[in-house]
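Terms are given with their cut-offs where they come up.

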Amino acid sequence: MSEAIPANGQTIFVTGVNGHIGNHIVKDLLTHGYAVKGSVRDLSDPKKVDHVKKHAETLGVAERLHLVEGDVLEADGWAEQMDGCDALFHTATVYSTSGDATVIIDTANKGTQHLQSIRQAVMPPSSLIPPTKARSICSPLQMNVASKELSTPQALLL
Ligand SMILES: NC(=O)c1ccc[n+]([C@@H]2O[C@H](COP(=O)([O-])OP(=O)(O)OC[C@H]3O[C@@H](n4cnc5c(N)ncnc54)[C@H](OP(=O)(O)O)[C@@H]3O)[C@@H](O)[C@H]2O)c1
């Protein structure tokens with residue numbers, strides 16, 4: 001079991017935290033001292049939240065994880081959710097090659113546009129990590145955070 005380092009005072013917003021990439025990002029951020037505000041589509045569904053909360057509980061930092069609800073196809077509500085956060089990991093997409101193509105494309109395009117426009121309004125520059133770059137932060141050895149404003153560990157967006 002990894003141990004969490006002390007809180008560094010910075011809060012990172014992560015979309016799609018119940019997803020494969022999102023929940024690993026949450027764990028890494030908490031381990032490296034960040035607080036996390038994470039979005040899911042259905043807070044009332046234990047299958048969407050319990051495994052994410054377990055990361056914080058296992059690390060003994062439950063107070064550093066705050067989950068909120070949001071659908072990235074909706075433009076409204078994100079500004080209030082993301083206000084006060086220092087950076088954004090946007091992983092909420094439909095990761096599939098089957099299903100309704102319109103939904104898949106809209107979720108990727110409109111979803112990212114919604115999050116990016118809010119991120120630009122309420123966060124420091126360089127505070128977005130798009131889903132296509134998500135793999136670059138999942139190194140088991142080093143947590144990469146794409147904001148020069150963030151404290152260590154620092155890394156540039158690749
Ligand atoms: N998996 C990989 O190995 C890998 C590698 C590199 C890059 N990526 C990229 O990382 C991103 C996420 O992949 P993943 O493997 O984590 O996918 P995933 O496990 O399917 O997770 C997708 C997440 O997006 C959420 N989501 C989908 N539509 C949404 C909407 N309209 N509003 C809000 N949330 C929504 C899902 O929530 P629900 O559970 O409610 O549907 C889920 O939390 C993708 O862009 C993918 O291309 C993945």
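## Strand pairing around β1

In β4, the residue bridged to I12 is A87. Likewise, T15 has H90 of β4 as its bridge partner. Strand β1 and strand β4 (residues 87-90) pair in the parallel sense, over four bridges. Two strands count as paired if DSSP finds at least two bridges between them. Helices (H or I, at least four residues) and strands (E, at least two) are DSSP runs, numbered from the N terminus.

This is a predicted model: local features need pLDDT of at least 70, side-chain atom pairs count only at pLDDT 80 or more, and totals for chains, interfaces and linings use all residues. Residues are numbered from 1 along each chain as its sequence is written.

β1 also pairs with strand β2 (residues 35-40), in the parallel sense and over five bridges. Here F13 has K37 of β2 as its bridge partner. Between β1 and β2 the chain passes through helix α1 (residues 20-31), and this β-α-β crossover is right-handed. Right-handed is meant as follows: with the strands pointing away from the viewer, the path from the first strand over the helix to the second runs clockwise.

## Burial of the strands

Four of the five residues of β1 (residues 11-15) are buried, which leaves the strand mostly covered. A residue is buried if 20 or more other C-beta atoms lie within 10 Å of its own, exposed if 12 or fewer, and partly exposed in between, with C-beta atoms placed from the backbone.

β4 is covered on both faces. A87 and F89 are buried on one side, and L88 and H90 are buried on the other.

## Nonpolar core

The largest nonpolar core has 28 residues, and those that touch the most other members are I12, V14, V26, L30, V36 and L88. Two or more residues each come from β1, α1, β2, α2 (46-59), α3 (78-82), β4 and α4 (101-122). The largest share, five residues, is from α1. Such a core is a set of buried Ala, Val, Leu, Ile, Met, Phe, Trp, Tyr and Cys residues joined through C-beta atoms within 7 Å.

## Helices α1 and α2

The buried residues of α1 are I21, G22, I25, V26, K27, D28, L29 and L30. They pack against β1, β2, α2, β3 (65-69) and β4. The end C-alpha atoms of α1 are 17 Å apart, which agrees with the 16 Å that its twelve residues should span at 1.5 Å a residue. The expected span of a helix is 1.5 Å times one less than its number of residues. Just after α1, G33 has a positive phi of about 95°.

α2 has 14 residues and reaches 19 Å from first to last C-alpha, close to the expected 20 Å. In α2, V52, H55 and A56 are buried. Their cover includes α1, β2 and β3.

L73 sits in the loop between β3 and α3. It is partly exposed because it has 13 other C-beta atoms within 10 Å. Apart from neighbours within four places in sequence, L73 is in contact with D106, T107, K110 and G111. Contact means that the C-beta atoms of two residues, placed from the backbone, lie within 7 Å. L73 and K110 are 37 residues apart in sequence, with their C-alpha atoms 6.3 Å apart in space.

Q113 is a residue of helix α4. Q113 counts as partly exposed because it has 13 C-beta neighbours inside 10 Å. The C-alpha atoms of Q113 and V72 are separated by 9.1 Å, at a distance of 41 residues along the chain.

## Whole chain and confidence

The protein chain has four helices and five strands, in the sequence pattern β-α-β-α-β-α-β-α-β. Of its 158 residues, 39% are buried. Among contacts with a separation of 6 or more, 68% are between residues 24 or more positions apart.

The mean pLDDT of the protein chain is 82, and 78% of its residues reach 70 or more. Residues 134-158 have pLDDT below 50, and beyond near neighbours in sequence this stretch has 45 contacts in the model. pLDDT is the predictor's confidence in each residue, from 0 to 100. Where pLDDT is low, the predicted coordinates should not be read in detail.
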